[in-house]
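Here is a friendly briefing to read alongside the model. Please keep the viewer open as you go.

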Amino acid sequence: MVASGLIRLTLGDDGVAEGRFSGDRVSYMLARPHERPPRPTFYPLPGEARRSRVNPGLLQDWTAHFVAQLAAPSAELVMSGEEVILVDVATGSQAWTEPAGDGWSVHQDGPLHLWDQVEDTLATWQTVGSPDQTAFGMTVTDETQRVWLGDPAGPSWRLPT
């Protein structure tokens with residue numbers, strides 16, 4: 001599942017396109033050429049383990065899932081109940097969660113600490129009251145695509161181009 005968003009961008013005289021997400025829950029079926037190749041069976045690597053600051057079940061919320069994708073745009077997300085697996089297809093980095101007492105443990109392996117990125121982005125979103133997608137916008141230039149929260153000067157995440 002991908003938590004997509006619908007956005008209307010307006011092209012300015014300066015060649016910069018900008019707009020806000022509509023807030024509608026939309027999903028798209030990717031054309032076969034856009035689908036990722038089948039990923040081999042997931043084998044969890046122990047990596048570094050620590051207590052998670054976020055309940056992975058939060059990603060069942062559409063906007064929280066959308067926000068998590070901003071943090072790790074090249075990672076595949078697999079959910080099984082409240083447990084989460086993230087695998088970055090570019091670097092082989094992985095993160096996976098499991099219940100641990102009254103909370104959650106996260107294991108991270110590889111050059112990217114995917115769950116750290118997700119936690120930091122979710123914390124930013126929660127700090128401003130966990131708004132829906134209408135609080136997010138996007139700015140597109142010749143060189144970058146950036147999703148921002150609140151306004152273009154607010155917290156932002158650069159997307160791969």
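A residue is called buried under 20% relative accessible area, exposed over 50%, and partly exposed in between, using a 1.4 Å probe and protein chains only. With that in hand, A90 is exposed because its relative accessible area is 65%. You are looking at a predicted model, in which local features need pLDDT of at least 70, side-chain atom pairs count only at pLDDT 80 or more, and totals for chains, interfaces and linings use all residues. Residues are numbered from 1 along each chain as its sequence is written, and side-chain values use heavy atoms, with hydrogens and water left out.

- Helices (H or I, at least four residues) and strands (E, at least two) are DSSP runs, numbered from the N terminus, and two strands pair if DSSP finds at least two bridges between them.
- Five strands make up an open sheet with antiparallel pairing, in the order 3-7-6-5-4.
- Strand 3 (48–51) and strand 4 (75–80) are the edge strands, each pairing on one side only.
- From one strand to the next, the twist averages 20°.
- Strand 6 (residues 94–100) and strand 7 (residues 103–109) run antiparallel and are joined by seven bridges.
- Along this pair, W96 stands opposite H107, and Q94 stands opposite D109.
- The hairpin of strand 6 and strand 7 has two residues between the strands, and G101 takes a positive phi near 65° there.
- Strand 7 also runs antiparallel to strand 3, with four bridges between them; here E48 stands opposite Q108.
- Strand 7 is largely enclosed by the rest of the structure, because six of its seven residues are buried.
- A90 sits in the loop between strand 5 and strand 6, and its C-alpha atom is 6.9 Å from that of S74, 16 residues apart along the chain.

**Helix 2 and its glutamate**

- Axes are lines fitted to C-alpha atoms, for helices over the stretch in contact, and angles run from 0 to 180 degrees between N-to-C directions; contact means heavy atoms within 4.5 Å.
- Helix 2 (residues 114–127) lies across strand 3, strand 4, strand 5 (83–88), strand 6 and strand 7, and runs at about 115° to strand 5.
- E119 belongs to helix 2 and counts as buried because its relative accessibility is 1%.
- Not counting residues up to four places away in sequence, E119 touches R50, S52, R53 and V54.

- Four bridges link strand 2 (residues 17–20) with strand 8 (residues 136–140), which run antiparallel, and G19 stands opposite M138.

**The nonpolar core**

- A nonpolar core is a set of buried Ala, Val, Leu, Ile, Met, Phe, Trp, Tyr and Cys residues joined through side-chain atoms within 4.5 Å.
- The largest one has 29 residues, of which L86, W115, L122 and F136 touch the most other members.
- At least two residues each come from helix 1, strand 5, helix 2, strand 8, strand 9 and strand 10, and helix 1 gives the largest share, seven residues.
- Leaving aside neighbours within four places in sequence, L122 is in contact with V54, L58, L59, A64 and V67.
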